[in-house]
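Below are some notes for a colleague who is meeting this structure for the first time. Please read them with the model open.

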Amino acid sequence: MRWLSFFTAMLASLAPITTAAPRPAAVSHNLAPALLPPDQSEIPRLVLYFQTTHDSLGRPISMLPLVTVKHIALTHLIICSIHMHQNGHLHLNDHLPSHPRYKTLWTEASIMRSSGVKVMGMIGGAAPGSFSRSTLDSPSDLTFDHYYRQLASFIRRYSLQGLDIDVEQPMSQGGIARLILRLRWDFGPDFIITLAPVASGLTNEWGGLSGFDYRVLERDYGSLINFYNAQFYNGFGSVHSTSHFERTVDEGWDPEKIVIGQLTDRGVHQHVSLNRTVVQLRRKLGVIGGIMGWEYFNALPGGADAPWEWAQVMTQILRPGLVPEMKIAKDDAIMLMETWVESAWPGAAVICASVGGAGNEACAAEAGRPNVDYMAMVNA
């Protein structure tokens with residue numbers, strides 16, 4: 001943890017100031033419930049995407065250090081990526097969400113939620129299909145409804161508290177509006193709806209990679225959208241200075257709704273630059289939406305061995321002292337061990353059941369031990 005002491009001292013002088021488009025929707029904008037006012041205790045937000053669920057050896061990656069390790073104040077965890085394809089079923093990455101490999105994911109997500117972290121899903125991303133004219137951007141309301149019902153069922157089954165919509169293929173203005181309206185109508189005012197544009201897409205009519213105008217979307221439907229996880233990286237934006245964020249605000253965007261997206265594997269030098277920019281922005285604007293990181297599993301400075309250290313650094317920059325509280329009982333830890341084994345190797349559950357459960361030495365020998373010490377997390 002020497003890097004943490006060094007980083008704390010280093011930040012002392014920069015400490016943050018405390019074609020035919022589909023119809024817009026089957027329901028009227030005026031009838032859709034507006035979102036609730038933002039919870040000011042969550043602003044500025046600290047958002048992290050969780051896509052890589054297993055390491056190179058096939059072992060589940062635990063998200064729980066994000067609420068068990070000290071000095072982390074995560075507000076939102078976004079599980080991804082949800083994909084839809086014509087004539088297909090909804091997938092989480094390469095498998096059905098119900099696949100045994102995801103048992104640890106869903107069990108831990110429930111614990112994160114009970115600790116006060118908002119757990120969301122993300123649909124879309126670089127893989128095409130989810131927003132095509134054959135799926136959620138179809139001119140046919142019947143076709144749209146067929147795929148939307150799969151998405152809604154997934155949200156309900158896994159008790160997700162929100163959805164991040166990452167459109168990285170051309171989608172119509174009416175199509176994105178219809179999806180947002182339907183989500184807000186079906187899930188109510190406290191459901192979190194976010195979008196993930198490239199930062200440059202907020203200030204041009206083509207929306208960067210999305211094909212629609214985010215300015216028009218915010219003007220017409222902004223009351224239904226919680227915030228934007230804007231990608232300030234890969235040439236689409238920069239936080240080496242305040243200029244890009246300020247230019248976005250100058251064009252009419254609310255700084256509280258813009259979360260600064262960063263890649264998590266760029267190291268300490270990026271952290272120093274980001275901190276400087278955040279301090280300057282908060283002095284000038286008073287508030288910003290927060291910081292988002294893509295993604296968890298190999299985040300620096302800890303890398304694959306300690307990816308949660310990225311969240312510690314971001315907490316120092318953004319949310320010092322605002323740490324959620326988690327309680328884990330011994331029975332919870334045993335359950336987590338059992339689900340870890342089944343997620344690592346679905347067939348292992350049968351073997352472990354035959355020799356007395358996941359805590360049994362014979363089971364550990366057959367299936368391997370969890371690479372996270374759940375028993376050490378017991379505090380209730």
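1. Setting aside neighbours within four places in sequence, Leu-195 is in contact (heavy atoms within 4.5 Å) with Asp-164, Ile-165, Ile-176, Ile-180, Phe-212, Tyr-214, Leu-217, Ile-225, Phe-227, Tyr-228 and Asn-229. A nonpolar core here is a set of buried Ala, Val, Leu, Ile, Met, Phe, Trp, Tyr and Cys residues joined through side-chain atoms within 4.5 Å. The largest core has 89 residues, and Leu-195 is among those with the most contacts inside it, together with Trp-106, Met-112, Ile-165 and Leu-183.

2. On the basis of these notes: the model is predicted, local features need pLDDT of at least 70, side-chain atom pairs count only at pLDDT 80 or more, and totals for chains, interfaces and linings use all residues. Residues are numbered from 1 along each chain as its sequence is written, and side-chain values use heavy atoms, with hydrogens and water left out.

3. Overall make-up. The protein has 12 helices and 9 strands, taken as DSSP runs numbered from the N terminus (helices H or I, at least four residues; strands E, at least two). Of its 380 residues, 54% count as buried, where buried means under 20% relative accessible area, exposed over 50%, and partly exposed in between (1.4 Å probe, protein chains only). The accessible surface is about 15,900 Å², and carbon and sulfur atoms account for 54% of that surface. Areas come from the Shrake-Rupley method with a 1.4 Å probe; for residues, only the protein chains shown count as cover.

4. Helix H5, residues 173-187. How far apart are the end C-alpha atoms of this helix? They are 22 Å apart, in agreement with the 21 Å that 15 residues should span at 1.5 Å a residue; the expected span is 1.5 Å times one less than the number of residues. H5 is largely enclosed by the rest of the structure, because 12 of its 15 residues are buried. Among the buried ones are Ile-176, Ile-180 and Leu-183, and also Arg-178, Arg-182 and Arg-184. Their cover includes helix H4 (141-157), strand E5 (162-167), strand E6 (192-195) and helix H6 (214-221). After H5 comes Gly-188, with a positive phi near 90°.

5. Leu-217 lies in helix H6 and is buried, at 1% relative accessibility. Leu-217 and Gln-173 are 44 residues apart in sequence, yet their C-alpha atoms are 7.5 Å apart in space. Beyond neighbours within four places in sequence, the contacts of Leu-217 include Gln-173, Ile-176, Ala-177 and Ile-180, as well as Leu-195.

6. Helix H4. Its 17 residues should span 24 Å at 1.5 Å a residue, and the end C-alpha atoms are 24 Å apart, which agrees. The buried residues of H4 are Phe-144, Tyr-147, Tyr-148, Gln-150, Leu-151, Ala-152, Phe-154 and Ile-155. Covering them are, among others, helix H3 (103-114), strand E2 (76-83), strand E4 (118-125), E5 and H5.

7. Salt bridges. A salt bridge is a side-chain nitrogen of Lys or Arg within 4 Å of a carboxyl oxygen of Asp or Glu, and the count by this rule is 11. Asp-145 pairs with Arg-149, the closest N and O atoms being 2.9 Å apart. These two are 4 residues apart in H4, so about one helical turn separates them. Arg-149 is partly exposed at 47% relative accessibility. Asp-145 and Arg-149 also belong to a salt-bridge network with Arg-182 and Asp-186.

8. Two further pairs. Arg-215 bridges to Asp-213, with the closest N and O atoms 3.1 Å apart; Arg-215 is partly exposed at 34%, whereas Asp-213 is buried at 9%. Lys-284 forms a salt bridge with Glu-246, at 3.2 Å between the closest N and O atoms. Lys-284 lies in helix H8 (residues 268-285) and Glu-246 in helix H7 (residues 243-250), so this pair ties together parts that are 38 residues apart in sequence.
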